[in-house]
Each structure stands twice: as structure tokens, then as C-alpha cells.
Amino acid sequence: MQRYILNRSFWFVPLAVWSLVAGLSLVWNWNALDRHSREIAENRAQFVFKMVESIRLWNARHGGVYVLVDKDTQPNKYLEIEERDISTPSGKPLTLLNPAFMTRQLTYVVEELSDIKVHLTSLKPINPDNAADPWETRALQAFENDVELVQEFVGEGDASLYRFMAPLIAKKPCLKCHEKQGYEVGDIRGGASVTFKAASLLTPQYEQKWNMAAIHLGIWLLLSALTLFGLSRFRTQMLLLKGAKEQQDRVVEQRTAELRQQVHDREQAEEELRLLIDSSGEGIYGIDNAGCFTFLNPMALRLLGYQDAAQLIGQSVYDTVHDTGADSPPGGGASRLRAALQEGEVVHSEAGYFRRADGSRFRVEFRSHPLMREGRLLGAVVTFADITERKALEEKIWRQAHYDMLTKLPNRSLFHDRLSQCLLKAKRNQESFALLFVDLDRFKYINDTFGHEAGDQLLIEAAGRLTACVRSSDTVARMGGDEFNIILTGVEGAEAVAQVADKILAQMRQPFIVAGSEQQISASVGIACYPMDGTAETELLRNADLAMYRAKQDGRNGYQFFQADAVTG
């Protein structure tokens, strides 16, 4: 830059730049005025076109409009339909105005009241008087090539006109008159052109353009003068600074030799540290006190899905990597790291999620160690590893241990755990709940007749129906075979429990599709309520089982509440 300022022969370059900027600005604004005039004209033409098109469609939907025959309105000899001409009871002659005829008369009124001329035409008009002029013919041919509309300013000065034309699309009501021409719904059956004088739009535009050109010239002269003045002042200052710089360079050269060795030693130490970090099998990144990235090793970039560390350096770790979604565990990641940065503590967590560059997330185990210098906290170094597969395996093992693999309902183990929790909560809050023992009737017949695969499908369907009968806060568990247990929490009285039991029986009586045919089964339900029928887990289970067997003995397809006197009797 100094070379160009000191050499006056290069000063023409900024002048050329200002010339280019001013020229481009003038061209852009010139074209903007043209676009503005065209938009005003197009909006006016579009309004007229939409009005004409709406009236034409209204007429077509009503099958035409009958009017009195007079000297201005004679029967349309090109309209070949029955009842074109009729008479009123009093003998007045009426003729049917089809959409085109009525719209043409409307355009005469528009032209009479304004300078706007509207013409409906096509490449194959029914009425030869509606033939297109050369400009309209070119526009109609353009519509055949999927052009949406054609507009143009023609002529000059006071004789200048704005011409606009848009296609008319054949709709179902239009086929009453145009079907014999071979048109179908959706075809372009012609167009409507709108023409009006453009002098009122273009004359002010010419004056604005010349005023704009004068303004751009004045700005260019002002900027050029200021540029030349500034370059002259800079040249004087640079000549003074050049001498001072030469003296300073000699001093710097002496210090540079001393510092070069120090830099070499530090770079070698940093390179050795970098090799250790880059070779690590875990992701490693550093952050400052604000939680912004300062470095990342290759493994961290690979795990996070980034190609270059520059994509993350300076970015907030909380905004880019640590997942803070609603389903993220509280205290699992970002919050613990933020607290560690404030307190300078070591953090270890397996409960957090990290986000990749593509927005996906994965489970991580990470450790954060504070980065200190002379007792001052500078940030932290974080190491992390992807533990998604390990956590998925742990979750799979847990589900296999607690859920029935066929029906996906809680199994015996998880059921007993939930029953124990329910007992503790009921005793603590002095609440009541009900335990239902459900056994499917005739399931053995289905299993033996149609096979185990059909029996499994029936169990899956039955499990879904049982789940639909209770609330999400209740528990439906498969205890094995065709036996299911249900825990109803927060129930008030035997009547509410009986309503659920009735719903279960009704669901089980509905036909099941087994091996392509409808089969009927039912269910027997035994009910034990806490605390009336027992306060211990084994006692409630035994009493619900006894009640279920009573339901079986009473003919099945029913439910029974536990009754202590029935057992003793």
C-alpha cells in the first residue's frame, strides 16, 4: 500500500474505483425506476384483468345472462345453443349474453370511462371480429410455451402505450361454449389484453433519471476530490515515517535473533505436547473461562463430526456441543461443566449428551480438569468418549430383565417392584389401590387348535386391549402364559374398579382375528383391594388369585371381588 501511495501514477486506481461504483449505482437506480414504472403499470393491468376474468367466470357459472334486445345488444349469431332468444310473458324479446359477449360489452364501458382498452381474443376465436392483432398473436404463442404473462412499453413520448396480456384458462363452466373447439379443462383458450397510455408514468421518470444522473456526477466529483486530498496527506506522513522505521528495523533485528531461539524451544515443546494429544484415543478439547473452545484434537473432531477445528474455535461449548434438550438428564453435562469452571473443580459424568455437527446427539462419558496458571483459573481441559453402544447394551439388558419380550408389557420382576412401590406409597399417603388378576378363557383351545404362533398374536392383541382399558399411571403386566396382573392406583371405591373390570370383559369378548378367522374368547378377573383385602404383597396376590378362581367357577367371562367369608366357607 505504501508503494502505491508514494507513487502518484497509481492514484488513478481509486478514481477508477469511484467511477465504477458511481456508474454501477447509476445503472442500478436507473433500472430500479424502470422496474417501478413497470410494476405500477402491471398492477393496474392485473387489477383490470382479474376484474374481467372474475365477471366472465361468474357469467359462465350462471350459464349466461338474458338481456333486452336493443340497438346496442343484438343476438350473438356465433352462439349456437337452444333458447338463445326468448321472450318475457309481456312479449319483450330477450337474448342470452354468453361470457365473452357480456365481457366485451363491459370492456366498452371501461374504455368509455377511462383510457384503458381491454380485448379478449385467442388464436382460434369463434367470432372473427375478436381476432388477435400481431402483438397479441405473439403473446398468445408465448403462452403456448408456458409464459405466464407478457407486458411491454411500446411507442415513445406522448404516444407511448403500456400493453399487458395474460392467458385465460379453460374451466368447466367455460366448456359450455368452447368445448366444440376442442378445449378441455386447464387448456389455454386465449387471453385478455389490457392497453393504456403510459406517458403519465414515463414522463416523470425521465426527469427523475436526469436528476439522479446529476446527483451521481456530483457525488463522484466530491469523492474524487476527497480521495486525492487524502492520498496527498498520507504520502507526506509516509515519507516521515519511512525514516523512523528504518531506524527501528535495526533495533528489531537485534532483538529478533534473541527471540528466535526462544520461540524455537517453545515450538518444539508444543509440538511434542500436540503429538501426545493428537494420538489420544479419546476426544480432547480445551475451553476458556467463558466456555469457548480453544483447541480440539483429531479424535474430538471425528466424534463431533467436524472437519476442521476452526469451525469450533471461539464458539461456545454450551451452544454447539453440550445438549441441553428437555429430555437431557438434569445436572448431566452442561450445568456441571459450568459449575466446575466457576469453582475450578474436577468433573466426571456419564449422564450427558453431546451434539454432532449434523444435529444428531450421542451419549458421552466426560472428565473436566481445571487449567490453572499461577493460581489463576484459565479454563478447563475436557476428555470424552462415545458410550452410546455401551448404554444401549445396558438398556437392552435391563429391558430384557424387566419386560415381557412378546407383549412388551412389564414382566413378573418389574411388576413385583412396582407393586412394592405402590404399597409403600399407599401406606405413606393412606391411599387405596386395586390389584386385578386376569386370566384368558379358552386360550388353551386357541393355542392347541391354531398353533403357538397364532396364540402369541392373540396374546399381543389382548395385551394391547388391556392397556387401552387403564390409565397411563396404572400398570399392566404379563405374569406368564395367559395370565395378566393390573395395578389400578388412586381408585375410589369398588364401583370405579368394577367399571374398569367391565371394560376389560367387554374388550375380551370382542372377536379376535386368529389365522384369518374370527374367534371368541373371554376373561375371568379376580380383584383384591388395598387395604381391605390385605396389606402385604403376597396376601394381595393370593386373594386376587382366589377371586379369579371364583370367577372361573361361576362360569367364566366375569369378575369377582375377594370375599374372605367365601374362602373360609
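I take buried to mean under 20% relative accessible area. With that cut-off in hand I looked up Thr 103, which comes out at 0% and is therefore buried. This is a predicted model, so I note everything below as computed from it.

**Thr 103**

I placed Thr 103 in helix α3, residues 99-113. Leaving aside neighbours within four places in sequence, I listed its contacts as Val 52, Arg 56 and Leu 120.

**Whole protein**

I went for the overall numbers next. I count 16 helices and 19 strands. Of the 569 residues, 38% are buried. The accessible surface is about 33500 Å², and carbon and sulfur atoms own 54% of that. For contacts with a separation of 6 or more, I find that 59% link residues 24 or more positions apart.

**Helix α15**

I then turned to α15, which runs over residues 537-553. Its 17 residues span 25 Å from the first C-alpha to the last, and I note that this is close to the 24 Å expected at 1.5 Å a residue.

Which residues of α15 are buried? I wrote down Glu 537, Leu 540, Leu 541, Asn 543, Ala 544, Ala 547, Met 548, Ala 551 and Lys 552. A reminder to myself: an α-helix has 3.6 residues a turn, so residues three or four places apart point the same way. As for what the buried residues of α15 pack against, I have α11 (412-429) plus the strands β13 (433-441), β15 (483-489), β18 (522-530) and β19 (558-561).

I looked at both sides of the helix as well. In the loop between β18 and α15 sits Pro 531, and a cis peptide bond joins Tyr 530 to Pro 531, with omega at about 5°. After α15 comes Gly 555, with a positive phi near 110°. Asn 557 is in the loop between α15 and β19; its phi is positive too, near 55°, and Asn 557 is not a glycine. I have Asn 557 down as partly exposed, because its relative accessibility is 32%.

**Asn 485**

One of the strands packed against α15 is β15, and I picked Asn 485 from that strand. Buried or exposed? Asn 485 has 1% relative accessibility, so I call it buried. Not counting residues up to four places away in sequence, I see Asn 485 touching Phe 415, Leu 436, Phe 437, Thr 475, Val 476, Ala 477, Met 479 and Leu 541. Leu 541 is also on my list of buried residues in α15.

**Second largest pocket**

I put the volume of the second largest pocket at about 220 Å³. It has 14 lining residues, and the closest to its centre are Arg 418, Gln 421, Cys 422, Lys 425 and Thr 489. Which element gives the most to the lining? I find it is α11, with 5 residues. Both α11 and β15 supply at least two residues each. Sorting the lining by type, I get 4 nonpolar, 6 polar and 4 charged.

**Asp 146**

Last entry: I checked Asp 146, in the loop between α4 (134-144) and β5 (150-154). Asp 146 has a positive phi of about 70° although it is not a glycine. I mark Asp 146 as exposed, because its relative accessible area is 68%.

Notes. Residues are numbered from 1 along each chain as its sequence is written. This is a predicted model: local features need pLDDT of at least 70, side-chain atom pairs count only at pLDDT 80 or more; totals for chains, interfaces and linings use all residues. Side-chain values use heavy atoms; hydrogens and water are left out. Helices (H or I, at least four residues) and strands (E, at least two) are DSSP runs, numbered from the N terminus. The expected span of a helix is 1.5 Å times one less than its number of residues. Buried means under 20% relative accessible area, exposed over 50%, partly exposed in between (1.4 Å probe, protein chains only). Contact means heavy atoms within 4.5 Å. On a 1 Å grid over the protein atoms alone, a cavity is a set of points where a 1.4 Å probe fits but cannot get out, and a pocket is an open set with protein on both sides within 12 Å along at least five of seven lines; lining residues have an atom within 4 Å of a point. Grid points are joined across faces, edges and corners, and a volume is the space filled by probe spheres set on the points. Ala, Val, Leu, Ile, Met, Phe, Trp, Tyr, Cys and Pro count as nonpolar, Asp, Glu, Lys and Arg as charged, and the others, Gly among them, as polar. Accessible areas come from the Shrake-Rupley method with a 1.4 Å probe; for residues, only the protein chains shown count as cover.
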